[in-house]
Every structure is written in structure tokens, then in C-alpha cells.
Amino acid sequence: MKALVGYASYLPGYRLAGADIGVRRSDRVVAAFDEDSTTMAVAAAAAIPPSDSANALYFATSTPAYADKTNATAIHAALGLPFDALAVDFCGSGRSGFAAILAAANSGGIAASADVRVGRPGSADEKLGGDGAAALLFGDDQPAIAEVLAVTSLTAEFLDRWRATTSVTGEQWEERFGAERYAELIRTAAERVLDAAGLTGVDHVVLTCPNSGIVKRAATLVKGDKSVVTSPIGFSGACDAALALCGVLDTAEAGETVLMLSAVDGCDALLLRTTSALPQARQPRPVAAQREGGVTVRYLTYLSWRGLVELEPPRRPEPDRPSGPASGRSAPWKFGLRGSHCAECGFIHLPPARVCKRCGAPDRMTAVPVAGLRGSVATYTVDHLAHSPSPPVVSAVVDVAGGGRFTCEVADAEPELLEVGAPVEFTFRRLFTAGDVHNYFWKARVDGRSHG
């Protein structure tokens, strides 16, 4: 198997107050109205430094933005992956996340996973779930941060958690039934994977499961000499295990063993040993730091974001469905946020152009990637009437570092805190959905705002 060479996680910046959902000691991490599993996967994967290992993208989610269209292609375009790189979805359940990891480890590539977990108001899913994303990069063209020692998978059919294709929220059988089945599977998988690697114990254990009874007793099921870690945000679907693994990689030292156990419709085990390259290759912002803080969203507003209540809409009409041909023609700009640089005079065009606006030279352009750059707000406006699931709409003219200027929306905006000159970064979001077509583009976001 290929080695793990990079990792990153993404937690949205909004929080549901614990008092609003009946949780005493914590709040709930929730995605914004313009975030979905596709946009969050982009945020996680884009945080991994570019690599030639990224020759394939395996995207796992149980909440896909499209049911009958490959969601991974939008992620592929946003990341600017090679034309001949495979991009494919692994959809269905939390186990899809491990399947994506296994595929990436076998062939090399990115295993990206993300989910927006929705529970009925007052339900355990609402209280114990969380939204987020993670990305793991496997390859052999750069220093390994962890080597794969062994893999084991056990499968069992029993009813613990399910969701109908026509439903937004899921169901769960009585907790004790699933906990009894999972406990045996977890112990067996742990024993088998350790035997395969010739080990009697491990330093760190990552154990995730949709059954809260298992999460509560994780430390009694499998022993880790230094830690036993569960999901940092509650059950997060397809990214549950990968997100928890990212949290361990944020703190693990070189030469330590990490056993990842993902118990969903069976139990999958991945045993890793970290290397001396890990401390210098940690993600820029640890999971724990992303989990802290955040901006509290009103409960009624959150319910409207998830389509569980309908609020009074803005007075202006809804937008038309995005054009497929137009989106296809502008894909490098729309999904990849790539402008053009005139080789004759150096002028940067955002969006890209064939003929230079400054010197008039035709077809003398080279692509300029903008998504990973920073910028600053030149001016902005706050529109309380424009159509939006979460008004007001804040639009800004952004001066991009290195040259170029364009207008875009501001994500996660707090108008009273925005000002001319504010530093911004760019984030892939959903502008709107019309006619069941999602209109993706990039928004500006006050630098560092997404993680509180």
C-alpha cells in the first residue's frame, strides 16, 4: 500500500448553542447555508500542499449534493487536478469513508470525505451529530508521514442506523442492540489487525461509530497506551473516522502506532505507524483549534438552512437555473478560480479573457491560480433584499494579492465587522440552487473567519 503523505480537516465556523438543542456542556458544529459536502471536501483537500500523488480523487459522503451526478468532479475542478485524474464518489454511509481511504491507499490519491448531518428537531442525531470534512493523501513521491502496517475488514448485516432515499433525516434502532453487535466486531477487528502486524498493543486508538453507546465506552473496548480518541464533533457520517484520525495526527509523535477503527455495518481497521516527517507536515490549523470558538447561529435560522422550517423569503424573485453550457465554458474560472495573465503587458484578468483589456494583445494569456491567494476588500455593499437563504447578501470588490480585482459575495459575513482593507481568503461555496442545479463559485471570507 501507498504511504500517507498529507492530511487536512475542515470544520465550519458556525455553532448551535447547546442550550438550544438540549446539550449541557457543548455546542454543535454546523455548516453554513451555502456549504454542503462538496464545498467542505474542497476546503479540506485544498489545505493539503499540492502533490503529484494526487492522481485520483475518491470522495465519500452520505449526504451528496447530487444523487445522480458525480459530485467528485466539482471537487476535481475546484482543486485543479489533472485532466487524466480519476474522480469518483463513494456514497451511502459512514463506511463509504473507509472505502475511499482504502482505495487511495491502494492506488495513491486523495481520500476526501464530508457530511452535513441533519437530525429531526430534538432528536439524538441533532444533539450528537456534527458537520465537517477531512482529506487524506496517499502516495510515494514525497516523505511519508505514516506507513500502513495492516488492514482488516469485517462485515455484518443488522439494523442499527438507516435513512430512506426520500428522507432528509435518519432513524436509529434501540441503542443497546447495535452496541452489543458492534462491541464484538470492534474487539475482533482490533485483534486481527494487530496479529497481522505482529503487535500486541498500540499507542493511539481512533474509534468511531454511529452508535452512541459504543462511543461512550470506547476506552473499555480497545486500549491505547497513550490515547483513545472518538470523533471531535460527534457523529459526522462518512468523514467520522478520517476526521478523528486527523486529530490524532495533529499531536502524535514520530514512530508511534495509530489504530483507526470505523464501526459502521461491520468494522474496518487501519493500522498506521507515524514517521519522523510527521511533526513538520502537520496541517496548519489543528482539529482542536478549529473546534474552539465559532459563531453562534439562531436555532430557527439553522432549521431554515436545513429545510426543516420555511421562513419568509426575500422580496426579490428567485434566480434562474444556472446554464450547463455556460458553466462548462467557464469551468476553469467558475470551479478553479483561475484568471489569466497577459504575457505582453502583465495585466491580470479576473475573470480570464482572451484579449488583453490594457494592451489589446490577443491570445497571449497564461493561467493564474487565485483560489490559494489572499486579497483585501476594496469596497463592499450590504443588500437586505437580494435573494438568499440567509440574508443579507454581502458583496465585495476584492483586490487580489499579486494583481487583479473582481467582485464576489462574502461568505460567513458579519456586516458590522467588515471594513475596507479587511484581509480575505477564498472559499468554494454554493451561491444558490435553482431547478435542482447547484450554482457553485468562490466567495471571499475574512481571513481566518471560518474557524472562529
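Reply: Happy to! A salt bridge is a side-chain nitrogen of Lys or Arg within 4 Å of a carboxyl oxygen of Asp or Glu. By that rule the structure holds 21 salt bridges. Please keep in mind that this is a predicted model, where local features need pLDDT of at least 70, side-chain atom pairs count only at pLDDT 80 or more, and totals for chains, interfaces and linings use all residues. Residues are numbered from 1 along each chain as its sequence is written, and side-chain values use heavy atoms, with hydrogens and water left out.

Let's start with Asp-34 and Lys-443, whose closest N and O atoms are 2.7 Å apart. Asp-34 sits in the loop between β3 (28–30) and α2 (37–46), while Lys-443 belongs to strand β23 (residues 437–446), so this pair ties together parts 409 residues apart in sequence. (Helices, H or I of at least four residues, and strands, E of at least two, are DSSP runs numbered from the N terminus.) Asp-34 is buried, at a relative accessible area of 0%, and Lys-443 is buried too, at 1%. Buried means under 20% relative accessible area, exposed over 50%, and partly exposed in between (1.4 Å probe, protein chains only).

Glu-425 is buried at 11%, and Arg-445 counts as buried at 7%.
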